[in-house]
Amino acid sequence: MTGAQVFDLREHSWIPVREGAQRRMVGLRELLVQAHDLTDVELPVAPAAAGLWRILYLLAARVSGLDDPTLEVSEFDDRRYEVLDVGRFAADEVDSYFARHADRFDLFDPVRPWLQDPRLAEQCAATSGVNKLVLGRPAGSNQVFFDHHTETTVAPIPAREAAWHLIARMYFGPSGRCTARTVGAVSKADTMAGPLRGSLSFHPIGRNLFESLVSGIPAPSDAERYAAAGALDAAPWEMAELPPPTASPPLLRGLGRRLTGRFQHALLLTPSADRTSVVDARLTWAFRDKQLPDRDPYLIYQTSQKGDLYPRPARLERALWRDLDALLMNETGESPRYKPAVFELLPEDLIRDLRVRAYGFDQDGQTRDQQFFSALTPAVLGWREGRPGSRAAGVSATRAAAEQVGRSLVRALKLAWARQSDPTDGTSSTPRADGPPGPWVAAAEARYWPGAERLFWQVVEAGDFTDPSPPFVRLALQVFDGIAGEITSPAHWRMTRALALHRRQIRGFTVTADSGAKNEDAA
């Protein structure tokens, strides 16, 4: 095909990047070859960015030799320093890799379109619609949350943006009903969730994109070094043949599996006549069997009450600073918690400059997509547990103090609401905090948590963790008193009295860096 007929992701400008103060679009080849001059990737769709970083890590590992799953940790670390000393990815290695897979990076290739399954053109009798592809657009009977596209007002999407949403759907796609796919005697219209569905993902960010990519390549795990001899380290576009959908998912190892090998969805885009936009799509199941479980290196893992390990979910109301200690230290108490594996081994020469970017998508397992978001920390990874001058324990104690006081504030307001609404005037029973929360809780949390974030950074940057609780207690009392002060009508004397009675519920806690603060995942 000629240039007007293809959308070659190696050369087409589809990835937004920043170079100093300027912003522009680049293709995959330019991104890798110029990574040392580029500052950052600035893809505006957070779920797509979370997936794209994983793809870029794999490509960076392929062209730098950091993809060998047989390396011991020390060997991997030595090789990474050799790459960092060079200071850039070698253009000839980049060109060599893309030449080996020259026909696999066209978004609309009729034989092997990138990250897609061309067999769906025959195996899916119906299409899913472009609205089903684009995050934020309602499709079918879904409610209108973000815009007012409908099935009768379908707007095509530019090809570069379609690539973003393709990535997002592969990683964050829902479980449940999908477009029917028929393969031989098997005809099904349901699928399992994508590997990052509802997750919160963390990535090291260096002074330039080259440092970010090299720092973000995880060291091989023991499981990778000793994987079955027949397993392949391959991304979807590197496989010689498309795997049969009715068989078990292919046995993979290495970075190919960890970063791009656990998809449960199959997609096929329908381009416009001039190949500049996408007008329709098919979204369906890729395998009937679930992919083998694997720990993603960019997620925090915690332990349920049943002892099961699961990734910490993304929650819109939980700001990034409340997860900061989980990036700096593991917690081995009653509820074990493990920081992202990529932070277990970082380049010591860069660690004081590395920031952390988080991408989250607050979703349920099936159809509810509440909101996606991203955030960036200051350079905090030098505070990791085990390093000289570590502040990990103090960060954890400060976070725990803020959350304990926040829970105390919520409990006080719930009790006050329960008391004022008790028809017996609270004289015959003790109010309970497990009933309807009332209107005060949401108002208080909207005021408390932004203020708590400012206090958190003040305490952490000062480095004095003797007792981080008092500033948060003072803030909670100010919030509580502010709500009480808004009740000015004498007719609401029951509310005023109830609030006055339960103000004492907000009390101080002594939580220090040496007291072993518990791992709490509070809302």
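**Close-up views of a predicted model**

**View A. Lining of the second largest pocket.** In this predicted model, 24 residues line the second largest pocket, and those nearest its centre are Gly194, Pro195, Arg262, Lys290 and Pro311. The pocket holds about 550 Å³ of space. Among the contributors to this lining, strand S11 (residues 309-311) gives the most, with three residues. By residue class, the lining of the second largest pocket comprises twelve nonpolar, six polar and six charged residues.

**View B. An open sheet of three strands.** The strands follow the order S7-S13-S14 and pair in the antiparallel sense. Strand S7 (200-205) and strand S14 (369-376) form the edges; each has a single partner strand, so one side of each is left without a neighbour in the sheet. From one strand to the next, the twist averages 10°.

**View C. Pairing of S7 with S13.** Six bridges join S7 to strand S13 (residues 355-363), and the pairing is antiparallel. Within this view, Phe202 stands opposite Ala358 in S13.

**View D. Helix H2 and the sheet.** Helix H2 (residues 46-64) lies across S7, S13 and S14.

Note on methods. Residues are numbered from 1 along each chain as its sequence is written. This is a predicted model: local features need pLDDT of at least 70, side-chain atom pairs count only at pLDDT 80 or more; totals for chains, interfaces and linings use all residues. Side-chain values use heavy atoms; hydrogens and water are left out. Two strands pair if DSSP finds at least two bridges between them. Helices (H or I, at least four residues) and strands (E, at least two) are DSSP runs, numbered from the N terminus. Axes are lines fitted to C-alpha atoms, for helices over the stretch in contact, and angles run from 0 to 180 degrees between N-to-C directions. Contact means heavy atoms within 4.5 Å. On a 1 Å grid over the protein atoms alone, a cavity is a set of points where a 1.4 Å probe fits but cannot get out, and a pocket is an open set with protein on both sides within 12 Å along at least five of seven lines; lining residues have an atom within 4 Å of a point. Grid points are joined across faces, edges and corners, and a volume is the space filled by probe spheres set on the points. Ala, Val, Leu, Ile, Met, Phe, Trp, Tyr, Cys and Pro count as nonpolar, Asp, Glu, Lys and Arg as charged, and the others, Gly among them, as polar.
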